[in-house]
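Q: Hi, could we go through this one together? I'd like to start with charged pairs and then move on to the core.

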Amino acid sequence: MKISDARVFICSPGRNFVTLKIYADEGVYGLGDATLNGRETAVASCLTEHLIPCLLGRNPFDTEDIWHYFYRGGYWRRGPVTMAAIGAIDMALWDIKGKALGTPVYNLLGGKSRTKMLAYAHANGADVSQTLDAVEQEIALGYKAVRVQCGVPGLAHAYGVASGGIPYEPASRSTRPIEEVWSTEKYLNFIPALFDKIREKFGFDIHLLHDCHNRLTPIEAARLGKSLEPHNLFWLEDPVPAELQEGFQAIRRHTVVPLAAGEVFNTVYDCHKLLAEQLIDYIRMTVSHGGGITPLIKTAAMAAVYHIKTGCHGATDMSPVCLSAALHFGAAINNFGIQEHMRHNELTREVFPHDYSFKDGYLLSGERPGLGVDFDEALAKKHPYQRAYLPVNRLEDGTLFHW
Ligand code: KDG
Ligand code: MG
């Protein structure tokens with residue numbers, strides 16, 4: 001079998017998605033998600049200008065060699081743009097393999113280790129009362145795990161909180177990034193009281209998660225973790241920016257709150273210390289930004305040695321192709337932990353018809369050969385790319401901060 005062509009599509013059915021379609025002879029094609037929120041055209045250009053020309057004529061079954069060809073062979077390693085491009089190729093090739101062999105991708109990764117994957121939903125509100133309502137709604141939909149984010153008194157914006165009654169989507173279609181204002185003091189003074197209210201209303205049968213979105217110092221994160229211990233969180237996510245993996249050591253010394261990190265990691269080198277020193281409990285890399293299924297299987301295997309489970313990033317800026325790949329990966333590995341499930345809008349679901357499903361708090365991977373996702377090119381064409389940016393964040397005195 002040979003790769004005969006590959007094309008990149010950027011569409012915007014409510015938000016931007018970059019989709020790679022690789023065609024092999026015998027009429028088989030595979031799909032990969034190459035979306036990098038706010039940097040969509042950079043990944044598309046990396047694929048079309050540099051990687052696709054080297055793919056043509058290759059055997060799509062050679063996923064291991066092709067992955068190394070682009071990772072090592074490019075000389076300039078790592079980085080989100082390169083790794084998202086390599087990740088999309090790898091995903092599409094596994095899709096082709098599954099289709100050519102007539103079997104779902106999970107069967108190529110070791111078969112099913114479980115029948116369903118625990119999923120967590122997002123609940124957010126401008127204040128405590130709206131947030132309590134939002135948690136209630138997600139529980140009513142069947143979720144057994146809910147990530148809770150809330151507006152902070154005195155701040156106009158908080159990470160993860162929607163405005164105007166529309167579902168939260170961090171990137172905005174604008175000519176420049178929107179600027180938000182942040183105060184760690186206000187946030188830290190408020191969050192423990194929020195979780196008091198949530199546990200008071202919903203008890204301890206529901207798993208609760210919270211995302212700090214990289215905004216704390218280790219000692220601030222340790223203080224937050226300690227104060228949330230009585231609430232038995234499933235995890236506290238991205239407490240500190242993880243460029244400095246040692247940052248997690250201080251948090252670990254002070255609190256037993258389970259920690260999760262990894263949505264901005266691109267290779268195992270971003271987390272080898274976190275894994276080997278058992279500084280986190282969940283590794284959150286996802287298939288697209290983590291360079292594909294091929295390296296993620298290996299990272300999960302390394303994590304398993306250190307009692308660490310997976311919790312793949314699953315925000316709406318990953319397309320249904322990536323979510324499906326995460327579910328096939330999650331179905332196959334032994335140390336799956338949880339899957340983020342931020343539901344795509346209806347139009348996105350139409351552009352990417354898929355066979356995975358949600359039932360009673362769990363996501364189920366599909367049973368169709370390959371990844372079980374298709375791409376409606378004609379519909380996608382009606383919703384062309386629109387420039388969009390993630391926000392930037394400043395402290396109240398104007399200092400540029402982590403968003
Ligand atoms: O594009 C940025 C989002 O993917 C990110 O803000 C979402 O933190 C996130 C999460 O946990 O889903
Ligand atoms: Mg996050």
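**Charged pairs and cores**

A: Happy to! Arginine 7 and aspartate 5 form a salt bridge, their closest N and O atoms being 3.5 Å apart; the term means a side-chain nitrogen of Lys or Arg within 4 Å of a carboxyl oxygen of Asp or Glu. This is a predicted model, where local features need pLDDT of at least 70 and side-chain atom pairs count only at pLDDT 80 or more, while totals for chains, interfaces and linings use all residues. Residues are numbered from 1 along each chain as its sequence is written, and side-chain values use heavy atoms, with hydrogens and water left out.

Q: How many salt bridges does the structure hold?

A: There are 19. One of them joins glutamate 237 to arginine 284, with 2.8 Å between the closest N and O atoms. Both glutamate 237 and arginine 284 are buried.

Q: Which residues are linked with those two in a network?

A: Glu263 and Glu340 join Glu237 and Arg284 in a network of salt bridges.

Q: Switching topic: which residues touch the most other members of the largest nonpolar core?

A: Tyr187, Leu224, Phe248, Ile280 and Ile283, out of 91 residues. Such a core is a set of buried Ala, Val, Leu, Ile, Met, Phe, Trp, Tyr and Cys residues joined through side-chain atoms within 4.5 Å.

Notes:
Chains are lettered from A and ligands numbered from 1 in the order in which they are written. Buried means under 20% relative accessible area, exposed over 50%, partly exposed in between (1.4 Å probe, protein chains only).
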